[in-house]
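Subject: The model you asked about

Hi,

Have a look at it first, then read on.

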Amino acid sequence: MTSHNDPATEEKGPTEWGEGRHGVGPWEQEHPGTPRPVDERYDPELLDEGDRRNVVDPYRYWTREAIVADIDTRRHPLHIAIENFENDANIGTVVRTANAFAVDTVHIVGRRRWNRRGAMVTDRYQHLMHHPDVHSLLVWALRNDLTVVAIDNTPGAIPLETAELPRECLLLFGQEGPGVSPEAQAGSLMTCSIAQFGSTRSINAGVAAGVAMHTWVRQHADLSSSW
Ligand SMILES: C[S@@+](CC[C@H](N)C(=O)[O-])C[C@H]1O[C@@H](n2cnc3c(N)ncnc32)[C@H](O)[C@@H]1O
């Protein structure tokens, strides 16, 4: 068991914890006697040295470009946006979950910089787009035929548990503290809230994003195409 005082682990964050726990060794070691695949999707360096990345097994030894291209063939018409006017610490979690659900694009609204640690390197396989303000995001959504749905527990919000989410959809999340901005709510078809039963005013934005994305998945995704 790892000691909490072990200096080797003390300085490490979630990204490093994920390294090396899964994956495969060099091709020859894993597939003795089997010739290397002759396919440009495979990365010669990963075949030589093994692949310990945080990717599902069918993508072992594939180049990053090949993985992105493959996900691109089956991304959902679901987009996620998160307001980032105060450097929200939850964006990494949102990006990782968006990647897991094959979301088309994660839109960062406001500050360009965000803390990538929680993304666990999944941002390399996820399309990201920056918008300087809410207006630019809303114009982009309109041009791309996406219906914007804000997610927040503001008065008058529609329960997400019973709402019908549009298929071509952009789910918009707010930040710790202010929540979804009034401008963003005004530009949304509706605001949906996640039912709560305890004492806290709200749940973490990354958790809320996971719940809402999965609600869309339950309504629109082809579950037979999941891993
Ligand atoms: C920590 S919340 C802050 C906002 C909240 N309106 C308040 O009163 O404090 C940050 C973001 O997480 C999401 N969120 C948190 N709890 C939620 C809930 N119960 N329903 C829907 N969204 C929620 C929303 O996108 C929200 O803008």
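Is Y61 buried or exposed? Y61 is buried, because 25 other C-beta atoms lie within 10 Å of its own. By the cut-offs used here, a residue is buried with 20 or more other C-beta atoms within 10 Å, exposed with 12 or fewer, and partly exposed in between, the C-beta atoms being placed from the backbone.

Two ground rules before the rest. Residue numbers start from 1 along each chain as its sequence is written. What you have is a predicted model, where local features need pLDDT of at least 70 and side-chain atom pairs count only at pLDDT 80 or more, while totals for chains, interfaces and linings use all residues.

On confidence: pLDDT is the predictor's confidence in each residue, from 0 to 100. The protein averages 90, and 90% of the residues score at least 70. Over residues 1–18, though, the pLDDT is below 50, and this stretch has 11 contacts in the model beyond near neighbours in sequence. A contact here means two C-beta atoms, placed from the backbone, within 7 Å. Where pLDDT is low, the predicted coordinates should not be read in detail.

Now the overall layout. The protein has 9 helices and 7 strands; these are DSSP runs numbered from the N terminus, helices being H or I with at least four residues and strands E with at least two. Of the 227 residues, 31% count as buried. Among contacts with a separation of 6 or more, 71% are between residues 24 or more positions apart.

The strands next. Two strands pair if DSSP finds at least two bridges between them. β6 runs parallel to β1 over 5 bridges, and 5 bridges also join β4 to β6, again parallel. I80 has L171 in β6 as its bridge partner, and V148 stands opposite L170 in β6. β7 (residues 190–193) pairs in the parallel sense with β4 (residues 147–151) over 3 bridges and with β5 (residues 158–159) over 2. In β7, T191 is the bridge partner of A150 and S193 that of P159.

Since 5 of its 5 residues are buried, β6 is largely enclosed by the rest of the structure. C169, L171 and F173 point one way from β6, and L170 and L172 the other way. In a regular strand the side chains alternate between the two faces of the sheet.

That brings us to the core. A nonpolar core is a set of buried Ala, Val, Leu, Ile, Met, Phe, Trp, Tyr and Cys residues joined through C-beta atoms within 7 Å. The largest one has 39 residues, and those with the most contacts inside it are I80, I82, V149, I151, L171, L172 and F173. The elements giving two or more residues to this core are β1 (76–84), α6 (91–100), β2 (103–110), α7 (134–143), β4, β6 (169–173) and α9 (205–220). α9 gives the most, with 6 residues. Leaving out residues up to four places away in sequence, V149 touches L165, C169, L171, L172, S188, L189, M190 and C192.

L78, in strand β1, is buried, with 25 other C-beta atoms within 10 Å. Apart from neighbours within four places in sequence, L78 is in contact with V103, D104, C169 and W216. L78 and D104 are 26 residues apart in sequence but 5.8 Å apart in space, C-alpha to C-alpha.

As for α6, 9 of its 10 residues are buried, R96 and N99 among them. What covers them includes β1, β2 and α9.

Most residues other than glycine have a negative phi. Y61, in the loop between α4 (44–49) and α5 (64–72), has a positive phi of about 75°. M120 sits in the loop between β2 and β3 (127–131), with a positive phi of about 50°. M120 is partly exposed, with 19 other C-beta atoms within 10 Å. Just after α6, A102 takes a positive phi of about 50°.

Last, the ligand. There are 18 residues around it, and G174, G179, S202, A205 and A208 come nearest; near means a C-beta atom, placed from the backbone, within 6 Å. The shell divides into 7 nonpolar, 8 polar and 3 charged residues. Ala, Val, Leu, Ile, Met, Phe, Trp, Tyr, Cys and Pro count as nonpolar, Asp, Glu, Lys and Arg as charged, and the others, Gly among them, as polar.

Cheers
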